Amino acid sequence: MHAEYTKGLILTALGVLLLSFDALLIRLIDREAFDLLFWRGLLMSVAIILWCVYRKPGTALFSMDAGYMRSALLFTCSAICFVVAIMMTSVANVLIIISAQPLFAALMSRAFLGEKSGLFTWLSIVIAMGGIAWVLAGSWRSPNLTGDLVAMLCALCLSAKFVNDRALAPRDMSPALILSGFLIAAISFAFGEPFSLEGAQWGWMLLLCVLILPLAFVLITLGPMRIPAAEVGMLMLLETAAGPLWTWLWLDEVPSDAALQGGVVVVGILLLHGWVQWRRKQRVRVS
């Protein structure tokens with residue numbers, strides 16, 4: 001059991017660390033959002049088809065039921081919003097806002113699934129929203145505010161997708177990402193110029209879409225099967241911390257004071273919330 005736990009911890013951490021390079025590579029590709037999104041969506045679909053065929057042969061890759069379509073459309077919206085937000089505001093702002101997604105999901109679970117959360121979860125939501133409001137205040141009356149609001153829409157769509165998928169458990173909703181990828185590619189082909197990449201842009205794009213994202217997806221899928229959900233949530237915060245660090249070191253993109261202050265509040269309360277949830281589960285197991 002201990003070996004499996006350690007393996008899960010390492011796989012998840014490696015997956016999240018790989019994913020933390022996403023924003024930096026988007027910056028390095030330096031193209032309009034839809035130019036990149038075409039390849040991001042198309043290659044994601046191909047990678048997930050291969051993953052499903054290899055890991056779960058016989059799984060239906062496409063479906064027309066409402067739950068499948070909701071999952072695909074919500075992820076499509078969140079993926080487009082993520083790349084657009086990275087283009088419009090700082091990496092730190094985007095990752096801090098999106099990091100509060102688990103708490104948004106708790107609100108939606110209460111509203112749509114009737115799942116009750118404890119007092120500490122509601123307190124965490126209020127504090128996290130205060131931290132995000134502080135980040136947004138730092139962008140007030142600047143072009144960054146639009147990007148921050150797009151990042152907020154990304155977090156809300158991602159939360160809604162997770163709540164939708166939870167409502168359909170134990171059904172595996174991974175195939176919905178295939179349709180989502182094709183939708184992203186189709187929308188991007190209509191609004192972008194995906195074949196206009198030049199020189200090093202092709203190299204960065206292939207590194208991101210062929211290696212980094214598929215490998216991160218595989219690791220983040222395998223790792224959480226071996227460790228508690230609360231610890232997965234805490235490990236996902238590695239992206240919030242590491243993502244801005246890479247852009248700072250590579251591109252000298254220094255987070256604003258408001259982003260640093262709000263980020264400390266949001267990440268701090270999420271870590272504390274995850275630790276409290278983990279402790280509660282440990283006590284339940286012992287008793």
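Predicted model: local features only at pLDDT ≥ 70, side-chain atom pairs only at ≥ 80, totals over all residues.
**Helix pairs**

| Helix pair | Angle | Axis separation | Handedness of crossing |
|---|---|---|---|
| α2 (residues 22–29) and α10 (residues 200–222) | roughly 160° | within 8 Å | left-handed |
| α6 (residues 101–113) and α7 (residues 119–138) | about 130° | 9 Å | left-handed |
| α3 (residues 33–55) and α4 (residues 66–88) | about 140° | 10 Å | right-handed |

**α2 against α10**

The axes of α2 and α10 cross at roughly 160°, and the two helices are therefore roughly antiparallel to each other. On the α2 side the contact is formed by D22, L25, I26, L28 and I29, and on the α10 side by Q201, W204, M205, L207, L208, I212 and L213. By class, the residues of this contact are 10 nonpolar, one polar and one charged.

Helix α2 is mostly covered, with seven of its eight residues buried. The buried residues of α2 are D22, A23, L24, L25, I26, L28 and I29. Just after α2, D30 has a positive phi of about 55°.

L213 is found in α10 and, with a relative accessible area of 18%, is buried, since the cut-off for burial is under 20%. Apart from residues up to four places away in sequence, L213 touches L19, D22, R40 and L208. L213 and M44 are separated by 169 residues in sequence, while their C-alpha atoms are 7.8 Å apart. T221 is also in α10; at 27% relative accessibility, T221 counts as partly exposed. The C-alpha atoms of T221 and S174 are 9.9 Å apart, and the two residues are 47 apart in sequence.

**α3 against α4**

Helices α3 and α4 pack at about 140°, which makes α3 oblique to α4. A33, F34, L36, L37, R40 and M44 of α3 make the contact with F75, A79, I80, F82, V83, V84 and M87 of α4. The residues of this contact divide into 12 nonpolar, no polar and one charged.

R40 lies in α3 and is buried, with a relative accessible area of 12%. Beyond its neighbours within four places in sequence, R40 is in contact with D22, I26, F82, V83, L208, C209 and L213. Among these partners, D22 and I26 are buried residues of α2, F82 and V83 are α4 residues in the contact with α3, and L208 and L213 are α10 residues in the contact with α2.

**Nonpolar cores**

The largest nonpolar core has 68 residues, of which L36, F82, I132 and L208 touch the most other members. With neighbours within four places in sequence left out, the contacts of L36 are I26, I29, V83, M205, L208 and C209. There is also a second, separate core of five residues, and Y68, A72, M173 and L179 are among its members.

L36 and F82 take part in the contact of α3 with α4. L208 is one of the α10 residues that meet α2, and I132 is one of the α7 residues that meet α6.

**α6 against α7**

Helices α6 and α7 pack at about 130°, which makes α6 oblique to α7. In α6, the residues L103, F104, A106, L107 and R110 meet T121, W122, S124, I125, A128, M129 and I132 in α7. This contact consists of nine nonpolar, two polar and one charged residues.

S109 lies in α6. At 8% relative accessibility, S109 counts as buried. Leaving out its neighbours within four places in sequence, S109 is in contact with G114, E115 and V163.

Key. Residues numbered from 1 in each chain as written. Heavy atoms only, no water. Axes fitted to C-alpha atoms, helices over the stretch in contact; angles between N-to-C directions. Helix = DSSP H or I, 4+ residues; strand = E, 2+ residues; numbered from the N terminus. Parallel < 35°, antiparallel > 145°, perpendicular 65-115°, else oblique. Left-handed = near helix turned anticlockwise from the far one by under 90°. Contact = heavy atoms within 4.5 Å. Nonpolar A, V, L, I, M, F, W, Y, C, P; charged D, E, K, R; others polar. Core = buried A, V, L, I, M, F, W, Y, C linked by side-chain atoms within 4.5 Å. Buried < 20%, exposed > 50% of the residue type's maximum accessible area, 1.4 Å probe, protein only.
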